[in-house]
Structures are given as C-alpha cells and as structure tokens.
Amino acid sequence: MWTEIGKSMTHLLRSPMPLSAFALPKRLVVSFPLAQLLHRHTPPKPFCSRMSATPSTSLTHTISLPTQLGQPVQVLAASGLSDSEFRAAIESSLFRQWLKNLECENGILANGYMTLTQVLIQGVDMFGKRIGFLKFKADIIDKGTGKKVPGIVFARGPAVTVLILLESEGTTYAVLTEQVRVPTGRVVLELPAGMLDDDKGDFVGTAVREVEEEIGIRLKLEDMVDLTAFLDPSTGFKVFPSPVCWQC
C-alpha cells in the first residue's frame, strides 16, 4: 500500500563528531504504512573484538608531537594484541584524528599546560578489514598539579543519525526503528543511524542508505540540505555527543 504524506521534514544529525541536519522536500511518497516503518530494523553487522588492560613488553611505538618537542610519546600494545592489530590501530584514521585534535586551536596540548606521555592501545574491533572501534588509554599530565586527567578513549569515528518528522492529517509522527542494543540489555526504539565506512565524510550518502535500509524510505541526494553550516564556526561544525569517552 502506498501512503502519501502531504508534508514532511527530515533532520539529519551527524556525529563524528559533526552534527548535521538535512531537510526533505515538502512532499514525500512512502511505500510502507507508518506502523510498518516503526518496526523495521536491520540486523547488526558482525565484528570481532580483542581487548586487554595489561601492556605488552614487545609491541611499542614512539611518536613526536610538534607541541611538545623533545618529549616523545610512547605508544604501547596491551597484552594479547597482535602486531597487525597494533599497527592497524596506530595507523588508523581514528588514532590519527585524535592526535590531530590534541594539537588543534582548542586542543588539550595547544597551550602547553598539559603533556601526553604514553598511550596504551587496549582493544581493537574489526569491521571486516577496517577498524570499527578503537579503545585506548592516554596518560595526560596537568603540569600545574602534576596529576593525570581522565584519559580513557573509545574511538568510533563519524556517524549519522536521521530524525524524520512526518505530518499527516494534522498529526506529526517521528519515525523510529527497533534495534537490539546489548549494552542496554534491551530492545529499544531509536532514530535511524549508521557509521561511516571511512573518514571521507560522506554523511549525506550514508544518511540516504541508512534510512532506506532501516525503514524503507528512499531519499534523494539532491534533495538533502546540510544545515551544519548554520553552526557557529567556533564549533568546527562538529558535535561530540559523548565527549567523556568519545573522540574523532
């Protein structure tokens, strides 16, 4: 059954942390009843994981940062991490972006008040041939107090979330998808979302694919409008939804 929606509006929130919103045209033809859209979901992608908190005595790497010349940073592998996993971690866009963030204009190391001494790579989750999640611990010292600042990092990279509001016969609906979320121990209703496959920043394309895969709505790339430009430039046009342990 075809259901025609008189008015529709889509906001796309992207986090990689960038946050982005997009708008759909005023008319949208959907090929699924709304009740069916609310209960469609995509099975999670398989991945493998390995993590440890004990450093290995053999796998090490040294990096030099422009903001702290003469103070090399030791990068260690936790016990159980293979050489290939360790090398993939330190060469990944997730780790390189984190180092870049440290030294940016608002970075932790930019003003010289803090210093990075060591990084322990603890866990790597592979999504096929690429790193999906990267877990590590950074030893960052506040020079004023001599104490460490909290340095546990869970790097997952850029992702996109889509909020679709459908108005029909005077009622506004939010389209959700049902997903199994093991960390919560529950099956939850949530907004359609997905991670980018790489660091190229194709948020629009990812949004279109995720919406079609999860809820069956087909969007057109040319109809998407990026609202990230409306953010204040001081934000870097990015949003960190969980900055306590989330980077990139």
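User: Why is Asp83 called partly exposed?

Analyst: A note before the answer: this is a predicted model. Asp83 has a relative accessible area of 40%. Buried means under 20% and exposed means over 50%. The value of Asp83 lies in between, so Asp83 is partly exposed.

User: What makes Asp83 and Arg87 a salt bridge?

Analyst: Their closest N and O atoms are 3.6 Å apart. The cut-off is a side-chain nitrogen of Lys or Arg within 4 Å of a carboxyl oxygen of Asp or Glu. The pair meets that rule, so Asp83 and Arg87 count as a salt bridge. Arg87 is partly exposed too, with a relative accessible area of 28%.

User: Where do Asp83 and Arg87 lie?

Analyst: Both lie in helix α2, residues 83-91. They are 4 residues apart, about one turn of the helix.

User: How do you know that the buried residues of α2 lie on the same side?

Analyst: The buried residues of α2 are Glu85, Phe86, Ala89 and Ile90. They cover an arc of only 125 degrees around the axis, so they lie on the same side of α2. The face turned away from that buried side carries the exposed residues Ser84 and Glu91.

User: Which residues are buried in helix α3, and what puts them on the same side?

Analyst: In α3, residues 93-102, the buried residues are Leu94, Phe95, Trp98, Leu99 and Leu102. Their arc around the axis is only 135 degrees, which puts them on the same side of α3.

User: Why does Phe95 count as buried?

Analyst: Phe95 has 1% relative accessibility. Buried means under 20%, so Phe95 counts as buried.

User: Which residues is Phe95 in contact with, leaving aside its neighbours within four places in sequence?

Analyst: Phe95 is in contact with Val75, Ala89, Ile90, Val119, Ile121, Leu134 and Phe136. Ala89 and Ile90 are also among the buried residues of α2. The C-alpha atoms of Phe95 and Ala155 are separated by 7.8 Å, and these two residues are 60 residues apart along the chain.

User: Back to salt bridges. How many are there?

Analyst: The count comes to 4 salt bridges. One of them joins Glu190 and Arg181, with closest N and O atoms 2.5 Å apart. Another brings together the side chains of Arg218 and Glu212, at 3.1 Å from N to O.

User: Is Glu190 buried or exposed?

Analyst: Glu190 is at 19% relative accessibility. The cut-off for buried is under 20%, so Glu190 counts as buried.

User: What makes Arg218 exposed?

Analyst: Arg218 has a relative accessible area of 66%. Exposed means over 50%, so Arg218 is exposed. Glu212, at 33%, is partly exposed.

User: Which residues form a nonpolar patch on the surface?

Analyst: Val180, Val182 and Val187 form that patch. Together they have about 300 Å² of accessible area. Val187 is found in strand β14, residues 186-190.

User: How many helices and strands does the protein chain have?

Analyst: The protein chain has 4 helices and 15 strands. Of its 248 residues, 39% count as buried. The chain exposes about 13,900 Å², and carbon and sulfur atoms supply 57% of that.

User: Where is confidence lowest, and where is it highest?

Analyst: Confidence is lowest in strand β1, residues 3-5, at a mean pLDDT of 33. It is highest in strand β6, residues 73-78, at 95. The mean pLDDT of the protein chain is 75, and 69% of its residues reach 70 or more. Over residues 1-42 the pLDDT stays under 50. Over residues 44-51 the pLDDT is also below 50.

Terms used. Residues are numbered from 1 along each chain as its sequence is written. This is a predicted model: local features need pLDDT of at least 70, side-chain atom pairs count only at pLDDT 80 or more; totals for chains, interfaces and linings use all residues. Side-chain values use heavy atoms; hydrogens and water are left out. Patches are made of residues with over 30% relative accessible area and no salt bridge: like charges are joined within 9 Å, nonpolar side chains (Val, Leu, Ile, Met, Phe, Trp, Tyr) within 5 Å. Accessible areas come from the Shrake-Rupley method with a 1.4 Å probe; for residues, only the protein chains shown count as cover. Helices (H or I, at least four residues) and strands (E, at least two) are DSSP runs, numbered from the N terminus. Buried means under 20% relative accessible area, exposed over 50%, partly exposed in between (1.4 Å probe, protein chains only). pLDDT is the predictor's confidence in each residue, from 0 to 100. Contact means heavy atoms within 4.5 Å. The arc is that of the directions from the helix axis to the C-beta atoms.
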